[in-house]
Amino acid sequence: MQSEDAAPLPTIIDPQLETESPLQTNRNSIPNRELLNPSTLILLYCCLKRAKELTLHPKSKTTKRMPTAFLTRRELFNAAHRLHQPGLSDEANFELYGKCSNPNWHGHNYTLWVTVKGEVDPQIGYVANLKEISKIIREEVTEKIDHKNLNLEVDFMRGIIPSTENLAIAIWKQLEPHIKALGIELHCVKIEETENNSAEFYGF
């Protein structure tokens, strides 16, 4: 029982509801209230209020994120091309592109690397099925450009100077929607034209 000379508990007003807190209206339910000073009461009130908020608005369960990994597939193809500006003379094109402007074309044994990015699937242990990625590359790229003339025979290179950089960008455009359909991201397209020259494209 509270002694007659015990200090009264302070009334705490909820700034949002503008009502007295349960600490004032339910003061008899607080044990050893004689030992509680105003600072303790305020802290206790805040804890009770937060507990009520969590009860009314529980947080959704957080899905544990799996580690992100990069997966690369290599493909090979051969193609011919010519680097030239249609509005320039053969001499001017030679000054700009050197032997690559040869009017009779020239070819390369290209190496293509396609790198994808995604979370490692805990059920299967990898980012994506490489067979599916290889199938996409084959159907969307290599079957269309292998042993072809990039200037004349490849629809997605039409009107584009077939430099290694432009080829990497064009291949990205061919692959990206199909890679996304697998639930992963296309990270990089790299093309090696020669053992000394390569280009990489990381998207728009």
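Modeller: Two strands pair if DSSP finds at least two bridges between them, and helices (H or I, at least four residues) and strands (E, at least two) are DSSP runs numbered from the N terminus. This is a predicted model, where local features need pLDDT of at least 70 and side-chain atom pairs count only at pLDDT 80 or more, while totals for chains, interfaces and linings use all residues. Residues are numbered from 1 along each chain as its sequence is written, and side-chain values use heavy atoms, leaving out hydrogens and water.

Colleague: Happy with that! In what order do the five strands form the open sheet?

Modeller: β1 pairs with β2 in the antiparallel sense over 14 bridges, and with β3 in the parallel sense over two bridges. The pairing of the five-stranded open sheet is mixed, and its order is β3-β1-β2-β4-β5.

Colleague: Which residue in β3 stands opposite alanine 79?

Modeller: Towards β2, phenylalanine 77 stands opposite tyrosine 110, and glutamate 75 stands opposite leucine 112. Towards β3, alanine 79 stands opposite lysine 148.

Colleague: How far apart are the end C-alpha atoms of helix α4?

Modeller: The expected span is 1.5 Å times one less than the number of residues. The 16 residues of α4 (residues 130-145) should therefore span 22 Å, which agrees with the distance between the end C-alpha atoms, 21 Å.

Colleague: And where does α4 bend by about 45°?

Modeller: Here the bend at a residue is the angle between axes fitted to the seven residues ending there and the seven starting there. In α4 that angle is about 45° at arginine 138.

Colleague: At what angle to β1 does α4 run?

Modeller: Axes are lines fitted to C-alpha atoms, for helices over the stretch in contact (heavy atoms within 4.5 Å), and angles run from 0 to 180 degrees between N-to-C directions. α4 lies across β1, β2 and β3, and to β1 it runs at about 20°.

Colleague: Is serine 134 buried or exposed?

Modeller: The cut-offs are under 20% relative accessible area for buried, over 50% for exposed and partly exposed in between (1.4 Å probe, protein chains only). Serine 134 is found in helix α4. Its relative accessible area is 9%, so serine 134 is buried.
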